[in-house]
Amino acid sequence: MKLLALHSSPISTSPSLSNGISRRASMEKSAFFSGQALAVPASSKRCTDARKSSASVDFRVRAIGSVGSSQKASNVNEPEKITKDKDLVFVAGATGRVGSRTVRELLKLGFRVRAGVRNAQRAETLVKSVQQMKLDDSSGSTPVEKLEIVQCDLENQSGIKPAIGNASIVICCIGASEKEIFDITGPYRIDYKATENLINAATVAKVDHFILLTSLGTNKIGFPAAILNLFWGVLIWKRKAEEALIASGLPYTIVRPGGMERPTDAFKETHNITLAYEDTLFGGLVSNLQVAELMACMAKNRSLSYCKVVEVIAETTAPLTPMEKLLAKIPSKRELPAEPLPDPVPTKIHSKPEEVTQLEASKPRPLSPYTMYDDLKPPTSPTPTPSTTPSSSHEQFTSPTQKPLSPYIAYQDLKPPTSPTPKPLSPFTMYEDMKPPTSPMPSLPKN
């Protein structure tokens, strides 16, 4: 990537500049502070002082802000043509605890990342951590070459769409800082209004997917939501941001993690994540790294995360399950759109496209799939073969309109079963010489 060191002191454009700084370098620095994009090569001699500075990092910064009136006038009548890059992701809040980890996880999956930050100087830690990554990339490029730092303020609606650029996926990881506990407007400005501004800009830019990070309990009343809402109604404003995203019509995924303050990155070694439906979980813990891995997996598998609200925590009793299987179990709020069908293959090589289209439209579609195969016929029920010597009972059903009631009529030798002959009640009927015993007759007394 490219290097640019930021200086907080104002840059003078008077002729009394130092001899070591060329006039061209002065113009470029002035252009940067006016809001134009700069790209200064790291090998340039103009960056000698920047390399020695403590803030010198090998990355490229784009400051999104106001542009000159002449530039605006020249672009008024020009139509905007932006082709979405399927491998480019814009991450808002990229210097935060979850956002910085999400950037690294996306780079591991092969994405290119535009990291949106309010202050480019705070991105030094992020870039250094990306420089230390070692990935097996067949293209030979390093992870830091796929990272671009974009300076923009989400509270300024006009600068958000240029920051998104041609990114196809937007991931929002912003939130009011817990350190600014006395800022009563923080949750409203950051968790709701700034997020809503990003949603509106993403809608205008027609991004393919929007992933929003909120919190567990955003749609609940009572404990523990009541405790968390003591921080100036943070969950209420996060819920308002969720409603704005759902109403935008964008393909979305809302991630509601449990508590992420205490768990470290080593938390995943003893706790496995588990996903639940919306408004199911009441508490639990999960690490920032596990949430970042989940959102990177969602960006990679958009069909599995299409229009879903996911609650995530980590437990020691949860089995180690791939995230793709966990996402597949969560129902979607909308029906997944059908993939576009491939173009029909022309039947003739020399046919014109117009002729092929008219030919295909004129042909009615057959109802049976067997019409394409002459030798393949659909199965039919077997017809009984009649006997060669029809019986008298068979001859009476020679009329084609009259069918026999019995299936045995076609088989002369096959007879239907008959009722068995009743057995005699006495076992002595088969033996003529054997008579049943009789009662002895009483003999008369002898005189």
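**A guided reading of a predicted model**

V91 touches G99, V103, L106, V113, R114, A115, G116, I171 and C173, leaving out residues up to four places away in sequence; a contact here means heavy atoms within 4.5 Å. Residues are numbered from 1 along each chain as its sequence is written, and side-chain values use heavy atoms, without hydrogens and water. The model is predicted, so local features need pLDDT of at least 70 and side-chain atom pairs count only at pLDDT 80 or more, while totals for chains, interfaces and linings use all residues.

V91 also belongs to the largest nonpolar core, which has 44 residues. Such a core is a set of buried Ala, Val, Leu, Ile, Met, Phe, Trp, Tyr and Cys residues joined through side-chain atoms within 4.5 Å. Buried means under 20% relative accessible area, exposed means over 50%, and partly exposed lies in between, with a 1.4 Å probe and protein chains only. The residues with the most contacts inside this core are V91, L106, I171, V255 and M295. Its largest share, seven residues, comes from helix α10 (residues 288–300). A second, separate core of 33 residues includes L154, A167, A205 and L212.

The protein as a whole may now be described. Its secondary structure comes to 13 helices and nine strands; helices (H or I, at least four residues) and strands (E, at least two) are DSSP runs, numbered from the N terminus. Of the 447 residues, 36% count as buried. Among contacts between residues at least 6 apart in sequence, 75% join residues at least 24 apart.

F90 lies in strand β2 (residues 85–92), and F90 counts as buried because its relative accessibility is 0%. Apart from neighbours within four places in sequence, F90 is in contact with R114, G116, C152, A163, I164, A167, I169, V170, I171 and L198. F90 and N166 are 76 residues apart in sequence, yet their C-alpha atoms are 9.1 Å apart in space. T253 lies in strand β7 (residues 252–257) and is likewise buried, with a relative accessible area of 0%. Setting aside neighbours within four places in sequence, the contacts of T253 are H209, F210, I211, L212, M298, S305 and K308.

The helices can be read in pairs. Two packed helices are described by the angle between their axes and the distance between the axes. Helix α7 (residues 186–205) and helix α9 (residues 234–248) pack at an angle of about 10 degrees, with their axes 8 Å apart. Here the axes are lines fitted to C-alpha atoms, for helices over the stretch in contact, and angles run from 0 to 180 degrees between N-to-C directions. The helices α7 and α9 are therefore roughly parallel to each other; angles under 35 degrees count as roughly parallel, over 145 as roughly antiparallel, 65 to 115 as roughly perpendicular and the rest as oblique. On the α7 side, the meeting residues are P187, Y188, D191, Y192, T195, E196, I199 and T203. They face V234, W237, K238, K240, A241, A244, L245 and S248 in α9. By class, this contact has nine nonpolar, three polar and four charged residues, where Ala, Val, Leu, Ile, Met, Phe, Trp, Tyr, Cys and Pro count as nonpolar, Asp, Glu, Lys and Arg as charged, and the others, Gly among them, as polar.

Helix α7 also holds N197, which counts as buried at 12% relative accessibility. Residues up to four places away in sequence aside, N197 touches L154, E155, Q157 and I160. In the loop between α8 (225–228) and α9 lies G233, which is buried with a relative accessible area of 11%. G233 and I184 are 49 residues apart in sequence and 9.1 Å apart in space, C-alpha to C-alpha.

Most residues other than glycine have a negative phi. K206, in the loop between α7 and β6 (209–213), has a positive phi near 55 degrees. C307, in the loop between α10 and β9 (308–315), has a positive phi of about 50 degrees although it is not a glycine. K206 is exposed, with a relative accessible area of 64%, whereas C307 counts as buried at 0%.

The cysteines remain. A disulfide is a covalent bond between the sulfur atoms of two cysteines. A search of the whole structure finds zero disulfides, the criterion being a pair of cysteine sulfur atoms within 2.5 Å. C173 is in no disulfide, and the nearest cysteine sulfur, that of C172, is 6.8 Å away. C173 is buried, with a relative accessible area of 12%, and C297 is buried, with 8%.
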